[in-house]
Amino acid sequence: MSDDTLSGWEVVVGLEVHCELRTETKLFCGCRNVFGDEPNTNVCPVCLGLPGSLPVLNKQAVEYAIRIGRALHCRVQPSMFHRKNYFYPDMPKDFQISQYDVPVNADGWLELPSGKRVGIVRAHMEEDTGKTTHVGGGGRIHGAAHSLVDYNRAGVPLVEIVSDPDMRSADEARDYVDELRAILVATGASDGKMEEGSLRVDCNVSIRPQGSTALGTRCEIKNMNSLRSLGRAIVYEASRQVEVLSSGGSVVQETRHWDEADGRTHAMRSKEEAFDYRYFPEPDLVSLAPSQEWVRAVEDALPVLPAERRRRVAEAAGVQAGSEPVATVVRLGLDALVMATVAAKADAALALRRLANEVAGQLAESGVHDIDPDAFVRLVRMEHDGELTSAQARTVLKDFVADGGDPKAIARQLGFEAMGSQELAGAVETVISANPKEWERFSCGDDKLVGFFVGKVKAATGGKADLRAATEMLRRRRGA
Amino acid sequence: MSGPVHAIAADVRSGRRSAAEVLEEHLGRIAEREGSVHAFNLVTADAARQRAEQLDRAVAAGGDPGPLAGVPVALKDLICTRGVPTTCSSRILEGWVPPYDATVVSRLAGAGAVFVGKANMDEFAMGSSTEHSAFGPTRNPHDLARVPGGSSGGSAAAVAAGFAAASLGSDTGGSIRQPAALCGVVGVKPTYGLVSRYGLVAFASSLDQIGPFATTVADAALVLDAIAGHDPRDSTSLPDERAAAGSRLGRGAQGLRVGVIAELAGAEGISADVAARVNEAAEALAAAGAKVEEVSVPSVVYGLSAYYMIAPAEASSNLARYDGVRYGLRKPGADITDMYVATRSAGFGPEVKRRIMLGTYALSAGYYDAYYGKAQKVRTLIIRDFEAAYRSYDVLLSPTSPTTAFELGAKTSDPLTMYLNDVCTIPSNLAGHPAASVPFGTGDDGLPVGVQVLAPALGEPVMFQVAEVLEAAAPSSGGAA
């Protein structure tokens, strides 16, 4: 967010992220939890809320919730379920089983790649609703000609992660979601797919005068389907609030709907949001009290999480933990290659540079990779030792990442045989005798001409020459 | 006194009588009197006949259908039966047929029972007279001008009239025990969690419990043992570590400690004849060798008020799903909200609407602590007071219902008077404890009186032990209905 649009104001953002858990079955019944099946095929009396049916808590879902809680440094505590009552056709029981004042996970934090910590208020369990499709009436239920409901999603386990209002820009909010998604995927609890709705983000946005510590009145923004729309929505909403306050008005606390098409947020009709949820303890479930042993076992089984991986890569490569290349390499899961380079005592900083630039760029286009660490380390060595010029190394790397294979063989195939110093000396002599006038000026001190000669050497050798070595050789020859 | 359930099962298992013969006897009585009693919303005669024949073939082939072989059983019409309509005596479930059996239904079937029909009830189990049924009231087989009690009035009347040898009801605030008392049969509300609620259409989830009606204490214990036990489909179901309900039958009352609850025996509204029968029951236990004393359980007097916060609150949420979207009645509306309103206005009767409004209010923002929260505290107090009493007594005694069966229409215009029917039965629901109503003589009007035996959680064996002693000592309950 550029400061000029918000001159004098600071934006404050808190996020509520719903993530679907990758359990085999739903939260309270044995129906399959899969995305994309034919509508209303993964349903039973329990998730359809038929009269007489009762919920039974899924242990795997609890374990995933605990994984998420511990990965976010939350306290895992004895908790209970409540009923959140409101009428909507996507909820078979017309109440949602959720957690209210005592969630399973509370008081944690998440570390952004920049090193900043965002507080986590809670990460609680609840069941998902079905999915409605409103036909006619602008896609909203009121005014629709008819509506279709798919209850395959009803009862799918969710964890809702509520952050503190710790973010100060749209970029920071996006970094938070990116980081959270990486953590969720790392724990194995969720696939983190925003496009399929397995990760859904609502944000609370308020503004306040620069330097103020009080919180302004917030608006909750819903319906962002990508990180990009999250960023756009925050930028729009903050500038809307600036405009309201600057013209002497006041921000009304309300839920607003992000419209991707017109790039604005719109107040939802009060009829749709004037809810008194009448929470009360769910009498059909007993309280949830995971034993300390279980929590510890779940925690011990967690993989190394992104923040720690960044720390390790940065330390290994001797760079700042908050640096961009480190974040990129960890985000793309390339850090094992850096660590392999370190283990082989090769140039880790060079490896980091190549991975964060060339490899990351290439992966962004092709998306797939299966890079053999040993071979990668050999390639780094070849470049470091001058066997390949940096231009040659980048070319070899490109082929290597795309098709695999042995870097030495690739280099040979491309004709990037290391050029011996005698061969190079021969090329240099040829170039000098072919350009006597220029050589005389260069010998008399016109140093600008070094580029001219290096270019000639490069052309004469078909790009195989180590240009640093060629430059040194030209200078030595002049002085002789 | 073992009773007809024992007798039928023994006869059918041994081949002395066929299940078909037993069934026809009961269907004959239904044909004769159901028109005036209206105990059923649906009599499933054809399915019952097929089932009886199947059992008889099994016996002929040397098989044993189980402890309830050939026993005709009626099910309260809020217990889900696969392929058989389950109405809760409400218009809102019009046309709905459950695709699954309640756990108790599977267990009874596994024990050899034959289902004769779905019994009438107060709509969604809300009421004490079975007058709040969308399909018309059930009448008391002892006097057709009187109510059978409720909400499980159809289940009680079916057993009293000999339409079924046993039946199942549900008890949220007395809905098994009160009609049992008014119809002169035995009715039992088990410990909360002893019988699975899976497939029981919920009224108030933290209070609801399925239990049996039978003509004798031993029969009731037999049926309870057939349906009790842990069910992984019900998270509030208790583990299977307990003695059988009938395990202490035949032991008499010698040395038992019995407390008569002072606050209930002498409560305002308890009629003199009912109070007299409770006294006589206490004396009979003393005569059988029990130590009988009056005991104070002070907080039970707040039970009724707490109940009428908690039960409607849970009901308001449990009944939200009847919205016209997925099943049952749907009345069209201009938009979704209008459709909800039209459907629920047409589908629910006045008593159900009253409780939904009461419960919605009790849970509303700003009122929760004063109403629902406070009621839960009363519940805790009642549990504590009971715990204190059970340190000195094995069982407690009280009236079941303040009066004998009243006339149809006598209390329908005044909900509060109707609610007072449950004053003696509600405390056991709030505490989650078992309680049974046993017939013990008649009132001045010649109609049955029930005495209530209360026990601590999982105290069914001693509860049935004492109930059996009372049954043996009871003066006539006015003969067969």
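Buried area is the accessible area that two parts lose on being put together, summed over both. I begin with that term, as the interface is my opening topic. Please keep in mind throughout that this is a predicted model.

By that definition, chain A and chain B bury about 2,800 Å² between them. Carbon and sulfur atoms account for 58% of that area. On the chain A side, 34 residues take part in the contact, and chain B contributes 40 residues. How many salt bridges cross the interface of chain A and chain B? The rule finds two. A salt bridge joins the side chains of A:Asp94 and B:Arg326, with an N to O distance of 3.8 Å.

The largest nonpolar core has 212 residues, and the members that touch the most others are A:Leu15, A:Tyr176, B:Leu108 and B:Phe124. Helix α10 of chain B, residues 303–318, supplies the largest share of this core, with eight residues. There is also a second, separate core of 32 residues, and among its members are A:Ala314, A:Ala348, A:Leu352 and A:Phe376. As general background, nonpolar side chains tend to be buried together in soluble globular proteins.

Which residues does B:Leu108 touch, once those up to four places away in sequence are set aside? They are B:Leu68, B:Val73, B:Leu75, B:Ala113, B:Phe115, B:Leu168, B:Val223, B:Ala226 and B:Ile227.

B:Arg107 belongs to helix α4 of chain B, residues 103–110. Its relative accessibility is 23%, so B:Arg107 counts as partly exposed. Apart from neighbours within four places in sequence, B:Arg107 has contacts with B:Ala226, B:Ile227, B:Ala228, B:Gly229, B:His230 and B:Asp231.

Elsewhere in chain B, strand β8, residues 291–295, contains B:Val292. B:Val292 is likewise partly exposed, at 26% relative accessibility. With neighbours within four places in sequence left out, its contacts are B:Val258, B:Val260, B:Ala282, B:Leu285 and B:Ala286. B:Val292 and B:Tyr308 are separated by 16 residues in sequence, and their C-alpha atoms are 32 Å apart in space.

The buried residues of α3(A) include A:Leu230, A:Ile234, A:Tyr236, A:Glu237, A:Arg240 and A:Val242. Against which elements of chain A do the buried residues of α3(A) pack? The partners are α2 (170–187) together with the strands β1 (9–20), β10 (199–209), β11 (219–224), β12 (255–259) and β13 (264–267). Just after α3(A), A:Gly248 adopts a positive phi of about 90°.

Finally, the cysteines. Over all chains, the structure holds zero disulfides. Why does A:Cys44 form none? The closest cysteine sulfur, in A:Cys31, is 3.6 Å from the sulfur of A:Cys44, which is too far for a bond, because a disulfide needs a pair of cysteine sulfur atoms within 2.5 Å. A:Cys44 is buried, at a relative accessible area of 18%. For A:Cys203, the closest cysteine sulfur is that of A:Cys219, 10 Å away and therefore too far for a bond. A:Cys203 is also buried, with 0% relative accessibility.

Note on methods. Residues are numbered from 1 along each chain as its sequence is written. Chains are lettered from A and ligands numbered from 1 in the order in which they are written. This is a predicted model: local features need pLDDT of at least 70, side-chain atom pairs count only at pLDDT 80 or more; totals for chains, interfaces and linings use all residues. Side-chain values use heavy atoms; hydrogens and water are left out. Buried means under 20% relative accessible area, exposed over 50%, partly exposed in between (1.4 Å probe, protein chains only). A nonpolar core is a set of buried Ala, Val, Leu, Ile, Met, Phe, Trp, Tyr and Cys residues joined through side-chain atoms within 4.5 Å. Helices (H or I, at least four residues) and strands (E, at least two) are DSSP runs, numbered from the N terminus. Contact means heavy atoms within 4.5 Å. Buried area is the accessible area (1.4 Å probe) that two parts lose on being put together, summed over both. A salt bridge is a side-chain nitrogen of Lys or Arg within 4 Å of a carboxyl oxygen of Asp or Glu.
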